[in-house]
Amino acid sequence: MSIQPSPAWRPQGFLAALGPDFATAVAAQPLPQPHWVAQSPQLAADLGLADWLRTDDALALLSGQRAPAGAGPSLASVYSGHQFGVWAGQLGDGRALLLGEIDTPLGPMEVQLKGAGSTPYSRRGDGRAVLRSSIREFLCSEAMHALGVPTTRALALVGSPLPVQRETLETAAVVTRVAPSFLRFGHFEHFAHTAADIHALKTLADASIARYFPALQGSAQPYAALLQEVALRTARLLAQWQALGFCHGVMNTDNMSLLGLSIDYGPFGFLDAFDPGHICNHSDHQGRYAWARQPNVAFWNLHALAQGLMPLIEDSDAALAALEPYKAAYAQAMLDAWRAKLGLRRLPEAAPAADGDQALVDTLLQRMAAGGTDFSIFFRRLGQFSTAPGADNSAVRDLFIDREAFDAWAQRYSARLQAESSVDAERRLRMDRVNPKFVLRNHLAETAIGQARQRDFSEVQRLHRLLQRPFDEQAEDPANEAYAGFPPAWARQLEISCSS
Ligand code: AMP
Ligand code: MG
C-alpha cells in the first residue's frame with residue numbers, strides 16, 4: 001500500500017493564534033454526494049499537492065465531509081464593511097470556512113472552503129454557494145493568476161446534487177480557495193467601529209504587519225506605513241484591472257484584500273464593447289462600480305481602511321499622507337500599462353513624444369467608446385498594426401465605426417512608434433505578452449455553466465485550460481479561435497447579479 005502525500009496542516013494558523021475575538025470555530029456542513037467538477041493541476045503542483053488532489057481524502061476534505069487531521073477546527077472570521085458606500089455593520093464569513101493553513105513551496109497558505117454551510121455570520125443566508133457562481137469564481141481566480149494579476153487562487157471545485165434556492169432552484173458547490181491571507185479592509189473596520197475594541201485592532205494590525213509586511217516593523221509609524229503599503233498595492237492592482245477591462249462588480253470594503261489581491265469573484269465581467277460606464281453587476285443600479293469608477297472607488301475604500309486604522313494611527317494628517325501616494329502610483333501604473341498595451345517603450349519624461357502618450361491613450365479610448373470597439377480584440381489586433389507606408393491595417397480599422405477618426409489616431413500612433421524607432425515584429429511580441437487573446441467573457445462562462453448543469457464538466461475544464469495561457473495563440477486546435485471572438489448577440493442579454 002502506498003502512502004499518499006497529504007498537505008502539511010499547521011496546528012495553529014494566523015487567525016487561530018490571535019485568540020477567540022477574531023474567528024469562531026465552525027464545523028463544515030458536508031456537501032452530500034460530492035463529485036469533482038474541476039481542479040487546478042497548476043496550483044496543485046505549485047503547492048506540492050498534485051498527487052493528493054487525486055485521492056478520496058482530497059474529495060472528502062474539500063467537500064467538508066472530513067476535517068483535516070492536525071489542522072484544528074475550521075474557522076469563520078468576523079469582519080464588517082461598507083457595502084455600496086453605506087456602512088453595513090457586521091458581516092463576516094457567512095459561507096467561507098478556513099480549513100487551516102498548509103506549508104507549501106510557495107510559503108504558508110490559508111485554505112478556505114466557500115459554500116460549506118452556515119456560520120454565526122450567515123445572517124439570512126444559507127451558507128451555500130451555487131454551482132453557477134462557483135464555476136465563475138473557480139475559472140476567474142485561475143484566469144486572473146495566469147494574466148499576472150494578484151489574486152486568491154482556486155484549487156478545486158466540488159459539486160453536489162444538494163438543492164439550493166436562489167431566484168430558481170439550483171445546486172450547491174464548494175470552491176477551495178487558497179491565499180496567503182483572506183484579510184479584508186473590513187476586518188480592521190470591524191474592530192475599530194463595530195466591536196470598538198482597540199486592543200483587538202492593535203493585535204490584528206501588529207500580527208498582520210509581522211506576518212505579511214515584516215519590512216514595516218521597524219517603521220516609526222508602522223500603522224500609517226501599513227496603510228500606505230496597502231494603498232500602493234491597491235493602486236497597482238487597479239491599474240491591472242483597468243488595463244484588462246476587468247470589472248469586479250462588488251467593490252465593497254469587505255471585498256478588498258489587505259494584501260492587494262483580487263478577491264470574492266461575484267458578478268465580475270470583462271469588457272466586451274468598450275464602454276467606460278459599463279456596469280457588470282445587474283444589482284448595481286447607480287453604477288457605483290462601473291469600470292471607469294473602479295480606481296476612485298478603491299481610493300474611497302482605502303479611506304474606509306484609514307478610518308479603521310485611525311485609533312492606531314491617531315493623527316489624521318498622517319493617515320491622509322499615507323493615502324496620498326495612491327494617486328500618483330495609480331496614475332503611473334496606469335500610464336505604464338497603457339504604454340505596454342500600445343507597445344510603447346517608456347521614453348525619458350523630457351522627450352516630447354512621451355509627453356503626448358496620455359493624450360494618445362485618451363483619444364483612443366474616446367474613439368473606442370464612440371464605436372463600441374471590442375476592448376480585448378482591439379488591443380490584441382493592434383499588435384499586428386503595421387507602420388509601413390500604405391500598409392493595410394483594416395483588421396484594426398474595421399473595429400471602428402468612424403474609420404477616418406481611427407485613421408487620424410493611427411497616424412499619431414505611427415509617428416509615436418517611429419519616434420522611438422520601434423520595430424513592428426518586436427513590438428508585436430511585446431504586445432502579445434500584455435494583451436490577452438483569451439479572457440473569461442460572460443458568454444464563455446455561461447456556456448460552460450449550462451453544460452455543467454447537465455453534469456457535463458468538459459467545457460469548464462476546457463475553459464480552465466485555455467485561460468491558463470491567455471497570451472498564447474493556441475492555434476494547435478482551430479476550435480480555440482471561437483473563444484477569442486466577438487461575443488454573440490445573446491451575451492448582451494446576460495444579467496449577472498449579486499445572487500450567488
Ligand atoms: P459578498 O457580497 O458575496 O461578498 O457577501 C457579503 C456578505 O454576505 C458576506 O458576509 C458573505 O459571507 C455573506 N453571504 C453572501 N452569500 C451568503 C450565503 N448564501 N449564505 C451566508 N452568507 C452569505
Ligand atoms: Mg465578500
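Ala, Val, Leu, Ile, Met, Phe, Trp, Tyr, Cys and Pro count as nonpolar here, Asp, Glu, Lys and Arg as charged, and the others, Gly among them, as polar. Keep that in mind for the views below, which all come from a predicted model.

**View 1. The second largest pocket and what lines it.** How does the lining of the second largest pocket divide into nonpolar, polar and charged residues? There are 15 nonpolar, 9 polar and 6 charged ones.

**View 2. The largest pocket.** Now move to the largest pocket, with about 950 Å³ of space. Its lining is made of 37 residues, and those closest to the centre are Gln-83, Arg-95, Arg-123, Cys-498 and Ser-500. The elements giving two or more residues to this lining are α4 (131-146) and β11 (169-179). Of the elements, α4 gives the most, with 3 residues. Sort the lining residues of the largest pocket and you get 11 nonpolar, 13 polar and 13 charged.

View 3. Where does ligand 1 sit? You'll find ligand 1 in the largest pocket. Around ligand 1 there are 17 residues, and the closest are Gly-92, Gly-94, Arg-123, Gly-127 and Asn-255. This shell around ligand 1 divides into 2 nonpolar, 7 polar and 8 charged residues.

**View 4. Polar atoms facing ligand 1.** A polar side-chain atom of Arg-95 lies 3.2 Å from a nitrogen atom of ligand 1. Arg-166 has a side-chain N or O atom 3.3 Å from a nitrogen atom of ligand 1. For Asp-264, an N or O atom in the side chain is 3.3 Å from an oxygen atom of ligand 1. How much of the accessible area of ligand 1 does the protein cover? On its own, ligand 1 has 480 Å² of accessible area, and the protein covers 81% of that.

View 5. Rolling a probe the size of a water molecule over the atoms shows where empty space is left. How many cavities of 30 Å³ or more does the structure hold? It holds 4 of them. The largest cavity has about 100 Å³ of space. Among the 13 residues lining the largest cavity, Leu-15, Ser-77, Glu-110, Gln-112 and Phe-182 are the closest to its centre. Helix α1 (14-18) and strands β4 (75-77) and β8 (107-114) each supply at least two residues of the lining. By type, the lining of the largest cavity divides into 6 nonpolar, 4 polar and 3 charged residues.

**View 6. The second largest cavity.** One last stop: the second largest cavity, where there is about 50 Å³ of space. Which residues line the second largest cavity? They are Thr-234, Leu-237, Trp-241, His-248, Asn-255, Met-256, Ser-257, Gly-260, Leu-261, Ser-262 and Ile-263.

Definitions and conventions. Residues are numbered from 1 along each chain as its sequence is written. Chains are lettered from A and ligands numbered from 1 in the order in which they are written. This is a predicted model: local features need pLDDT of at least 70, side-chain atom pairs count only at pLDDT 80 or more; totals for chains, interfaces and linings use all residues. Side-chain values use heavy atoms; hydrogens and water are left out. On a 1 Å grid over the protein atoms alone, a cavity is a set of points where a 1.4 Å probe fits but cannot get out, and a pocket is an open set with protein on both sides within 12 Å along at least five of seven lines; lining residues have an atom within 4 Å of a point. Grid points are joined across faces, edges and corners, and a volume is the space filled by probe spheres set on the points. Helices (H or I, at least four residues) and strands (E, at least two) are DSSP runs, numbered from the N terminus. A residue is near a molecule or strand if one of its heavy atoms lies within 4 Å of it. A polar contact is a pair of N or O atoms within 3.5 Å; within protein, one must be able to donate a hydrogen and the other to accept it, and residues adjacent in sequence count only if both atoms are side-chain atoms. Accessible areas come from the Shrake-Rupley method with a 1.4 Å probe; for residues, only the protein chains shown count as cover. A molecule sits in a cavity or pocket if more than half of its atoms lie within 2 Å of its grid points.
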